[in-house]
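This report describes the fold of one protein chain for a reader who is new to structural analysis. Please keep the sequence and the model in view while reading.

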Amino acid sequence: MLMSSWDPLMVIASVAVAFLASYTALDMAGRVTTTTGKAETFWLIGGGFAMGIGIWSMHFIGMLAMDLAMAMSYDPSLTVISMAVAIAASIFALWIVCYGQLTLGRLIIGALVLGSGVASMHYIGMAALMLAPGIDWNWRWVVVSVVIALLASVVALWLAFRLRQGNGRLGLLRAGAAMVMGGAIAGMHYTGMAAANFPMNSHATGQGVNSQWLAVVVTVVTLSILGIALVVSTLDARLQSRTSVLASSLAEANRELAKLALHDNLTRLPNRILLEDRLKQALTKAIREESTFAVMFMDLDGFKGVNDAFGHHIGDNLLIAVTDRMNAQLKDLHTLARIGGDEFVLLLEISEPNDAAVVADRLVKAISVPFTLSLYELLVSLSIGIAVFPGDGRDERELMFNADAAMYHTKKNGRNGYSFFQPSMNTLAQNQLQLINDLWLAIANNELRLFYQPKYGATDGQILGFEALIRWQHPQRGLLMPDIFLPVAEKTGLIVSLGNWVINEACRQLRIWHLEENPRWSVAVNLSTVQFEQVGLVETVTRALAEHHIPAELLTLEVTETTAMREPEESIRILTELAALGIKTSIDDFGTGYSSLLYLKRLPASELKIDRAFVSELRPQSGDATIITAIVALAQTLNLKVVAEGVETQEQQAFLTRLGCDSLQGYLLGRPVPAGQVPQLRRSVDTGQKGALPSEPGEKRRPALPDTV
């Protein structure tokens, strides 16, 4: 027999390739199981190809490591066939591992196919050696090599299946498993090589593929294929991981957005949208099971006073404390929602109406206990209205409406309690509902009117401009004052549409006066809290100014002190944006809300408006006189003009003029009038007859509403 020797570097290279091929197979199995569609097919075929090439190349590198002291060449056809067998067996092995459960039957079938494929690849590759006489085989070692191939296949398939997916340690586990699999494949190969004996007179029989050239090609190509496969797999895994993280983050963001869309930001209670959905579900369940439930409409008594006196921060903390206290009293199936401001709604499953009464009584008593917040002891109470399905309403709208009506009944009867809805309450409720329906049509039907109260120069008595005040010429109820319909507009969201109409109409009328040779007259428009906070306020104002050709400095937007201090930083941003356009802003009802001089000095306002509450009781040496004196001094220090409203006596006029007020409003000087009567006002100024015009029908005093439009 020919004596053979082994090249240790080539042997090490063959074992390294076996390890790399095994790791590639394990990695590809993971890629197949984490993808779908065309990508899944790509990784299955690509992974099988890379694995087969790796096993095949390990075999040939191992063969090339043997030196028989003669030139060796290989039959190209058999060499290619041996490679194809290895690839086919590898693809089948990956398919066995990646699809379905690896039962004992599937494991045995897969091991037989893979083991037979590896053994066939080895011995077909050996047969590709072009020499004569042929190899003398030691069949015992051949059997041992086949058994090793089968056992290696069992181990490989089981490890590949177990390591398809896992946690962060998966890479290390696969490396360890690849060492086991690579050692088994190398062991099978070198056992098979040990079974081959070469006779002494062996010699090459033809010019096939040169072994030296084959060694270079196999090594370079194999390492390139396996390396590229691993790099692509790693990059894809990272991309998929990043995509998974992004998808997870997006899903979490969507969940958070959904939560924000369905829950109140302050109290984290369900909002009106989620409440309506829960109410529909409760109705469906109650109709199906013939059960009953209660809708309890709740409003905090005295909350506005706390908000105005201590500020919105304390008010917000109070709402959170009220929410916690109410939740502590609720045990059964319920939905507690905040639908805006200090209004809450409780949806409660009950067996009988008395169950709702017990819960309502518990809530009223719990809220009546004083709250201690930021060293303040705050006292509020709870008014509750209860509507019970099915007796008090057959649908969501009717139940909510009747519960609201019952709550107002509680307020009118002393507050701090609860009332069940009674049909007798429907008169007021139906009137409110009709008013809401009529208000929706008021703009389209041209029923809204603007009255204009003149603003006079304190020193010269000349008309400087007007404050626009909204009225509603109702077709059946006559001229309605804003205190009747503005609260309804606030509740329904119509206040924004009404406010936008007022801005446009006031600018339209001001343009008419300018064309009538009153070019320096200005107009002031009150903004409600909701309108001031709407996103499109600046666009609405600038569009009205441009449409009616009004200089920006002749429009004044009045914002109540309470509104301006609600979100000081946001108010500063909005007012700064308006001021940059040249639009003037006025802090209305100054002194009645929660003031912050820190923010007041930063507000880009042009004037302060002293509330009528101070002016109406004004007398020399009185407390009101002291407050007004301080307000005027403060305004002058901040370079703000001062407007005093509610001037009704000559003594008040004289006092305010001496203090340094810039302009005055009040019934003494001029009442709110329709635009058609403004020319008479001008003539009355020229003749010294200010305030002589009759008041508007039904008017006694302008409503002192904080959000009058």
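A residue is called buried when its relative accessible area is under 20%, exposed when that area is over 50%, and partly exposed in between. By this rule, buried residues account for 49% of the 709 residues in the protein chain. The model discussed here is a predicted one.

**Overall organisation**

The protein chain contains 24 helices and 25 strands. When contacts between residues at least 6 apart in sequence are considered, 73% of them join residues at least 24 apart.

The largest nonpolar core consists of 80 residues, and Leu439, Leu555, Ile610 and Leu656 are those with the most contacts inside it. Helix 15 (residues 495–515) supplies the largest share of this core, namely 10 residues. Another core, of 33 residues, lies apart from it; Met296, Val322, Leu363 and Phe371 are among its members. As for Leu439, its contacts, not counting residues up to four places away in sequence, are Trp472, Phe485, Val488, Ala489, Leu494 and Leu498.

| Helix | Residues | Number of residues | Span, first to last C-alpha | Expected span |
|---|---|---|---|---|
| Helix 17 | 537–548 | 12 residues | 17 Å | 16 Å |
| Helix 22 | 623–637 | 15 residues | 21 Å | 21 Å |

In helix 17, the buried residues are Leu537, Val538, Thr540, Val541, Ala544, Leu545 and His548. Because these residues cover an arc of only 165° around the axis, they lie on the same side of helix 17. The other side of helix 17 carries the exposed residues Arg543, Ala546 and Glu547. Which elements pack against the buried residues of helix 17? They are helix 15, strand 19 (522–527), helix 16 (529–533), strand 20 (555–560) and helix 19 (568–580). Just after helix 17 comes His549, with a positive phi of about 55°.

In helix 22, Asp624, Ala625, Ile628, Ile631, Val632 and Ala635 are buried. Seen down the axis of helix 22, these buried residues fall within an arc of 125°, so they line one face of the helix. Thr626 and Thr637 are exposed on the face of helix 22 turned away from the buried side. The cover over the buried residues of helix 22 includes strand 21 (584–590), strand 22 (607–610), helix 21 (612–616), strand 23 (641–644) and helix 23 (650–659). Helix 22 is followed by Asn639, whose phi is positive, near 60°.

**Individual buried residues**

Helix 23, one of the elements covering helix 22, contains Gln652. Is Gln652 buried or exposed? Its relative accessibility is 6%, and therefore Gln652 counts as buried. The side chain of Gln652 reaches the backbone nitrogen of Glu648 at 2.8 Å. Gln652 also touches Val615, Ser616, Leu618, Gly646 and Val647, not counting residues up to four places away in sequence.

Gly62 belongs to helix 2 (residues 37–64). Gly62 has a relative accessible area of 0% and is therefore buried.

Cys507 is buried, with a relative accessible area of 0%, and Cys661 is buried at 4%. If a disulfide is taken as a pair of cysteine sulfur atoms within 2.5 Å, the count comes to 0 disulfides.

**Backbone exceptions**

Most residues other than glycine have a negative phi, and most peptide bonds are trans. Several places in this chain may be read against that background.

Ser374 is not a glycine, yet its phi is positive, about 50°. Ser374 is located in the loop between strand 12 (371–373) and strand 13 (376–378). With a relative accessible area of 46%, Ser374 is partly exposed.

Arg415, likewise not a glycine, has a positive phi of about 65°. Arg415 occupies the loop between helix 12 and strand 15 (417–420), and at 43% relative accessibility Arg415 counts as partly exposed.

Where is a cis peptide bond found? Such a bond joins Phe389 and Pro390, with omega about 10°. Pro390 is part of the loop between strand 14 (381–389) and helix 12 (396–412).

How values were computed:
Residues numbered from 1 in each chain as written. Predicted model: local features only at pLDDT ≥ 70, side-chain atom pairs only at ≥ 80, totals over all residues. Heavy atoms only, no water. Core = buried A, V, L, I, M, F, W, Y, C linked by side-chain atoms within 4.5 Å. Buried < 20%, exposed > 50% of the residue type's maximum accessible area, 1.4 Å probe, protein only. Helix = DSSP H or I, 4+ residues; strand = E, 2+ residues; numbered from the N terminus. Contact = heavy atoms within 4.5 Å. Expected span 1.5 Å × (residues − 1). Arc of directions from axis to C-beta. Polar contact = N/O pair within 3.5 Å; in protein donor to acceptor, adjacent residues only side chain to side chain.
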